[in-house]
Amino acid sequence: MERLISIVCRAVFIVASILAGLVVWEKLANFFGFTLLRAHDPWRILELSAVALLFVIALQLREIKTIFIAKGSN
C-alpha cells in the first residue's frame, strides 16, 4: 500500500508540475501575441495544479505520520 501511495504521489506531482509549466509557457506566448491553450483559462489550470500539489502534500504528511507511529510502537 505504501508503494502505491508513493507512486501516486510522484505521478500527481509530475502532472501538476507539467500543468504549472504549461501555464508559464502560455503566459510567455501571450506576451508575444500567441496562444497555446485556446479553450482553457491559464489561471484555472494553475488552480488545478495547486489543488493537485495540495493533495500530494496531504498524502506525504499521512505517510510521515504512519512512519512516526511505527517508530513509536517499537
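This is a predicted model: local features need pLDDT of at least 70, side-chain atom pairs count only at pLDDT 80 or more; totals for chains, interfaces and linings use all residues.
The expected span here is 1.5 Å times one less than the number of residues.

Residues are numbered from 1 along each chain as its sequence is written, and side-chain values use heavy atoms, leaving out hydrogens and water.

H2 has 32 residues and reaches 47 Å from its first C-alpha to its last, close to the expected 46 Å.

How do H1 and H2 lie relative to each other, parallel or antiparallel? Two packed helices are described by the angle between their axes and the distance between the axes. The axes of H1, residues 2–31, and H2 come within 9 Å and cross at roughly 155°. That makes H1 roughly antiparallel to H2, a term used for angles over 145 degrees. The axes are lines fitted to C-alpha atoms, over the stretch in contact, and the angle runs from 0 to 180 degrees between N-to-C directions. The crossing is left-handed, meaning that the near helix is turned anticlockwise from the far one by less than a right angle. By class, the contact of H1 with H2 has 19 nonpolar, two polar and four charged residues. Nonpolar covers Ala, Val, Leu, Ile, Met, Phe, Trp, Tyr, Cys and Pro; charged covers Asp, Glu, Lys and Arg; the others, Gly among them, are polar.

Next, the buried residues. Buried means under 20% relative accessible area, exposed over 50%, and partly exposed in between, with a 1.4 Å probe and protein chains only. In H1, the buried residues are Ile-5, Ser-6, Cys-9, Ala-16, Val-23, Glu-26 and Ala-29, and they pack against H2. In H2, they are Pro-42, Ile-45, Ser-49, Ala-52, Val-56 and Leu-59, and H1 is included in what covers them.

I would now draw attention to individual positions. Which residues does Ser-49 touch, apart from those up to four places away in sequence? Ser-49, in helix H2, touches Ala-16, Leu-19 and Ala-20, where contact means heavy atoms within 4.5 Å. Ser-49 counts as buried because its relative accessible area is 2%. The C-alpha atom of Ser-49 is separated by 8.6 Å from that of Ile-18, 31 residues apart along the chain. Ile-18 belongs to H1 and, at 55% relative accessibility, counts as exposed.

Leu-53 also lies in H2 and is partly exposed, at 29% relative accessibility. Leaving aside neighbours within four places in sequence, Leu-53 is in contact with Phe-13 and Ala-16. Leu-53 and Val-24, 29 residues apart in sequence, are 17 Å apart in space, C-alpha to C-alpha.

Arg-44 is placed in H2, residues 42–73, and is exposed, at 57% relative accessibility. Its C-alpha atom and that of Val-23, 21 residues apart along the chain, are separated by 9.4 Å.

Finally, there is the residue Gly-33. H1 is followed by Gly-33, whose phi is positive, near 95°.

Terms used. Helices (H or I, at least four residues) and strands (E, at least two) are DSSP runs, numbered from the N terminus. Angles under 35 degrees count as roughly parallel, over 145 as roughly antiparallel, 65 to 115 as roughly perpendicular and the rest as oblique.
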